[in-house]
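Dear colleague,

I am passing the structure on to you with this message, and my notes on it follow below. Please read them with the structure open beside you.

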Amino acid sequence: QVQLAESGGNLVQPGGSLRLSCAASGSGFSIYDMAWYRQAPGKQRELVATITRRGTTNYADFVKGRFAISRDNAKTTAYLQMNSLEPEDTAVYYCNAEIYVGLRRYDAWGQGTQVTVSS
């Protein structure tokens, strides 16, 4: 089995910054693409950013220019640098990863980390 664990969420003021981390743990697995999603109260979960195994990134329009997704050299940890945060960014942020265990593909999710942007 593979587990994802997010960290870094906090209460910040508008205009502030946070850096979220997503660490994969376990053994016998490989990670391909990774992504960050978020879900605000009463709203559907939405895609924030994606990053491929080779480092190609894509962003939702509402975070482009403010957020940056990255991953470490071992490809087991993903990050989301969030700048110029707005109250509308308040949500639970989830890490998603495309996982292979042997020849089997899995879609892994973390438990989420709370980001609250408020004065």
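M82 is in contact (heavy atoms within 4.5 Å) with G16, S17, L18, L20, R66, F67, Y93 and V115, leaving aside its neighbours within four places in sequence. Please bear in mind that this is a predicted model, in which local features need pLDDT of at least 70 and side-chain atom pairs count only at pLDDT 80 or more, while totals for chains, interfaces and linings use all residues. Residues are numbered from 1 along each chain as its sequence is written, and side-chain values use heavy atoms, with hydrogens and water left out.

M82 also belongs to the largest nonpolar core, which has 30 residues and in which M34, W36, V48, F67, L80, M82 and Y93 have the most contacts. Such a core is a set of buried Ala, Val, Leu, Ile, Met, Phe, Trp, Tyr and Cys residues joined through side-chain atoms within 4.5 Å, where buried means under 20% relative accessible area with a 1.4 Å probe, protein chains only. The elements that give two or more residues to this core are β3, β4 (30-39), β5 (46-51), β7 (67-71), β8, β9 and β11 (113-117), strands being DSSP runs of E with at least two residues, numbered from the N terminus. The largest share, five residues, comes from β9.

A search of the whole structure finds one disulfide, that is, a pair of cysteine sulfur atoms within 2.5 Å. The disulfide is formed by C22 and C95, whose sulfur atoms are 2.0 Å apart. Because C22 lies in β3 (residues 18-26) and C95 in β9 (residues 91-101), the pair ties together parts that are 73 residues apart in sequence. The torsion about the S-S bond is about -80°, so this disulfide is left-handed. C22 counts as buried at 0% relative accessibility, and C95 is buried with a relative accessible area of 0%.

Strand β3 also takes part in an open sheet of four strands, in the order β1-β3-β8-β7 and with antiparallel pairing, where two strands pair if DSSP finds at least two bridges between them. Since β1 (2-7) and β7 stand at the edges, each with a single partner strand, one side of each is left without a neighbour in the sheet. The antiparallel pairing of β1 and β3 runs over six bridges, and S7 stands opposite S21 in β3.

Lastly, T90 is found in the loop between β8 (77-82) and β9, and its side chain reaches the backbone nitrogen of V117 at 2.9 Å.

With best regards

Key. Buried means under 20% relative accessible area, exposed over 50%, partly exposed in between (1.4 Å probe, protein chains only). A polar contact is a pair of N or O atoms within 3.5 Å; within protein, one must be able to donate a hydrogen and the other to accept it, and residues adjacent in sequence count only if both atoms are side-chain atoms.
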